[in-house]
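My entries follow in the order in which I worked.

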Amino acid sequence: MPGRAAAFAAASKIGGFFESLEAAIAWDEFDAAINATPDGAHMTTLALLAQGKHVFCEKPLAPNHADALAMTQAAEAAGVVNMVNLTYRNSPAIHEARRMVQADEIGELRHVEASYRQSWLVSKSWGDWRVEDKWLWRLSSRHGSTGVLGDVGIHILDFATYGADQDIVNLHADLVTFPKAEGDRIGDYVLDANDSVAMTARLNSGGSPRSWRAAT
């Protein structure tokens with residue numbers, strides 16, 4: 001939207017700004033970029049990779065496997081780094097769990113349980129989605145949201161499998177969207193993104209299913 005970048009730059013005391021990705025690429029005075037756009041816009045990374053720029057992309061990497069693979073192949077072809085922001089992978093506790101599993105210190109791994117609960121949407125600590133449409137990115141698929149599954153569930157899938165040192169072979173997910181506003185919409189945006197997800201997955205070691213839950 002014209003003027004939005006200028007307004008944000010002024011409010012945040014940012015000296016240089018661009019109204020489009022194309023303008024930033026044309027400027028070209030940078031080696032790497034952070035893609036912190038809504039989930040549905042992460043494929044804009046391809047334009048940066050095509051120009052030989054390293055990219056640190058927010059998760060999920062792409063809306064689907066085919067797009068994620070295309071991004072990966074583009075980065076490899078360009079010889080640049082395309083990282084994805086899965087922050088809990090760096091947790092010392094997750095690394096210690098993985099070490100213990102690999103060292104066989106806890107015996108055969110038969111069950112893993114993980115939960116991730118957030119409250120920022122109900123606490124108004126960052127802002128109120130009822131009156132500030134910038135927060136609807138998390139609640140409306142039209143705003144680019146993949147809901148709690150894309151925002152939080154992907155963290156669980158990553159840190160649970162990394163800590164367990166195993167891959168998923170099958171998975172079932174039960175997603176729920178709760179009523180939050182009259183008519184389940186605010187202005188032009190339908191509040192249709194999932195608010196809670198419970199997943200049961202089986203890892204490649206077999207045994208009982210692994211239970212994971214995420215909610216806001």
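**Entry 1: crossovers**

I call a crossover right-handed if, with the strands pointing away from the viewer, the path from the first strand over the helix to the second runs clockwise. I then found that S2, helix H4 (residues 65–78) and S3 also make a right-handed β-α-β unit. The element names follow DSSP runs numbered from the N terminus, with helices (H or I) of at least four residues and strands (E) of at least two.

**Entry 2: what I am looking at**

I remind myself that this is a predicted model, in which local features need pLDDT of at least 70 and side-chain atom pairs count only at pLDDT 80 or more, while totals for chains, interfaces and linings use all residues. Residues are numbered from 1 along each chain as its sequence is written, and side-chain values use heavy atoms, with hydrogens and water left out.

**Entry 3: the sheet**

I traced an open sheet of 3 strands in the order S1-S2-S3, with parallel pairing, where two strands count as paired if DSSP finds at least two bridges between them. Its edge strands are S1 (32–35) and S3 (82–85), each of which pairs on one side only. From one strand to the next the twist averages 15 degrees, taken from axes that are lines fitted to C-alpha atoms, with angles running from 0 to 180 degrees between N-to-C directions.

I looked up the bridges next, and S1 and S2 pair in the parallel sense over 4 of them, with Asn 35 having Cys 57 in S2 as its bridge partner. Strand S2 (residues 54–58) and S3 likewise pair in the parallel sense over 4 bridges; Phe 56 has Met 83 as its partner in S3, and Glu 58 has Asn 85.

**Entry 4: salt bridges**

I counted 12 salt bridges, each being a side-chain nitrogen of Lys or Arg within 4 Å of a carboxyl oxygen of Asp or Glu. Side chains of opposite charge can pair when their charged atoms come close.

Asp 28 and Lys 53 meet in a salt bridge at 2.6 Å, N to O. This pair links distant parts of the chain, 25 residues apart, with Asp 28 in the loop between helix H2 (21–27) and S1, and Lys 53 in the loop between helix H3 (45–50) and S2. Asp 28 is partly exposed, at 40% relative accessibility, whereas Lys 53 is buried, at 7%.

Glu 96 and Arg 99 form another salt bridge, their closest N and O atoms being 2.8 Å apart. Both residues lie in helix H5 (residues 92–102), 3 residues apart, or about one turn of the helix. Glu 96 is partly exposed at 34%, and Arg 99 is partly exposed at 36%.

For Asp 128 and Arg 130, the closest N and O atoms of the salt bridge are 3.3 Å apart. Asp 128 is buried, with a relative accessible area of 14%, while Arg 130 counts as partly exposed at 43%. I also noted that salt bridges with shared partners join Lys 59, Arg 138 and Asp 151 into one network.

Key. Buried < 20%, exposed > 50% of the residue type's maximum accessible area, 1.4 Å probe, protein only.
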